[in-house]
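Please prepare a briefing on the model shown below, covering its fold, its surface and its side-chain pairings. Give the cut-offs along with the terms.

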Amino acid sequence: MPIVIGLIGVCLISLVPEPHRRQVNAVLVGGAGAAYLSGGGLGYWELVLPVVMTYVAYRGLKSWTWIGIGWLLHTAWDVVHHLKGSPILPFDALSSFGCAICDPVVALWCFAGGPSIFGWVRARLLGRPATPIGPAGE
């Protein structure tokens with residue numbers, strides 16, 4: 001199910017036109033850095049990820065690669081929290097584990113340059129190449 005959630009998220013974000021799609025994703029990555037703050041499962045170490053993710057999100061305003069890196073950093077934080085026993089959703093013990101599976105799906109899409117999934121599918125169905133999104137997906 002976490003993979004499906006990741007694919008649904010990618011499809012929903014695909015509805016946002018460029019260049020706003022990348023900017024929205026950068027903001028989402030920045031917000032993801034603060035997702036564990038209220039749990040406090042790692043004590044003062046919880047303050048590290050928001051600082052790092054703020055920098056990554058800033059760089060992500062101009063680069064899909066940085067957004068992908070941000071989602072992978074969040075994945076690592078999810079794994080730590082799953083192993084530590086302080087889930088992202090306190091009422092769901094496996095929520096951090098699920099998030100650790102979901103986030104790399106989004107990261108892979110970001111590393112591909114965050115293309116519109118609907119445009120990509122439409123191009124495949126019509127037998128035409130997808131519209132390029134810019135140099136190196138940036």
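**Briefing on the predicted model**

Ala35 touches His74 and Ile88, where a contact means heavy atoms within 4.5 Å and residues up to four places away in sequence are not counted. This is a predicted model, in which local features need pLDDT of at least 70 and side-chain atom pairs count only at pLDDT 80 or more, while totals for chains, interfaces and linings use all residues. Residues are numbered from 1 along each chain as its sequence is written, and side-chain values use heavy atoms, with hydrogens and water left out.

**Around Ala35**

- Ala35 is found in the loop between α2 and α3, the helices (H or I, at least four residues) and strands (E, at least two) being DSSP runs numbered from the N terminus.
- With a relative accessible area of 32%, Ala35 is partly exposed; the term covers values between buried, under 20% relative accessible area, and exposed, over 50%, computed with a 1.4 Å probe and protein chains only.
- Ala35 and His74 are 39 residues apart along the chain, and their C-alpha atoms are separated by 9.3 Å.

**Overall architecture**

- The protein chain has six helices and zero strands, so that from the N terminus on its elements run α-α-α-α-α-α.
- For 138 residues a compact globule would have a radius of gyration near 14 Å, and the 16 Å of the protein chain agrees with this; the radius is taken over C-alpha atoms, and the globule rule is 2.2 Å times the number of residues to the power 0.38.
- The C-alpha trace spans about 50 × 30 × 20 Å along its principal axes.
- Of the contacts between residues at least 6 apart in sequence, 67% join residues at least 24 apart.
- Buried residues make up 35% of the 138 in the protein chain.
- The accessible surface of the protein chain comes to about 8,000 Å², and 75% of it belongs to carbon and sulfur atoms; accessible areas come from the Shrake-Rupley method with a 1.4 Å probe, and for residues only the protein chains shown count as cover.

**The nonpolar surface patch**

- Trp45, Val48, Val52, Ile69, Leu72, Leu73, Leu108 and Phe111 make a nonpolar surface patch of about 700 Å².
- Patches are made of residues with over 30% relative accessible area and no salt bridge, with like charges joined within 9 Å and nonpolar side chains (Val, Leu, Ile, Met, Phe, Trp, Tyr) within 5 Å.
- At least two residues of the nonpolar patch come from each of α3 (48-60), α4 (64-84) and α5 (95-111), and α4 supplies the largest share, three residues.
- Val48, found in helix α3, counts as partly exposed at 34% relative accessibility.
- Phe111 lies in helix α5 and is likewise partly exposed, with a relative accessible area of 38%.
- Leaving aside neighbours within four places in sequence, Phe111 is in contact with Thr65, Gly68, Ile69 and Leu72.
- Phe111 and Ile13 are 98 residues apart in sequence and, C-alpha to C-alpha, 15 Å apart in space.

**Aromatic pairs**

- A search of the whole structure finds two aromatic pairs; rings of Phe, Tyr and Trp (its six-membered ring) pair if their centres lie within 6.5 Å, and planes under 30 degrees apart count as stacked, over 60 as edge-to-face and the rest as tilted.
- Tyr55 and Trp66 form an edge-to-face pair, with 5.6 Å centre to centre and 90 degrees between the planes.
- This pair links distant parts of the chain, Tyr55 being in helix α3 and Trp66 in helix α4, eleven residues apart.
- Tyr55 is partly exposed, with a relative accessible area of 43%, and Trp66 counts as partly exposed at 23% relative accessibility.
- The rings of Trp64 and Trp109 have their centres 5.3 Å apart and their planes at 70 degrees, so this pair is edge-to-face.
- Because Trp64 lies in helix α4 and Trp109 in helix α5, the pair ties together parts that are 45 residues apart in sequence.
- Both Trp64 and Trp109 are buried.

**Salt bridge and cis peptide**

- The structure holds one salt bridge, defined as a side-chain nitrogen of Lys or Arg within 4 Å of a carboxyl oxygen of Asp or Glu.
- Arg21 forms a salt bridge with Glu18, and the closest N and O atoms are 3.9 Å apart.
- Arg21 counts as buried at 6% relative accessibility, whereas Glu18, at 32%, counts as partly exposed.
- Glu18 is also joined to Pro19 by a cis peptide bond, with omega about 5 degrees.
- Pro19 has its place in the loop between α1 (2-14) and α2 (20-32).
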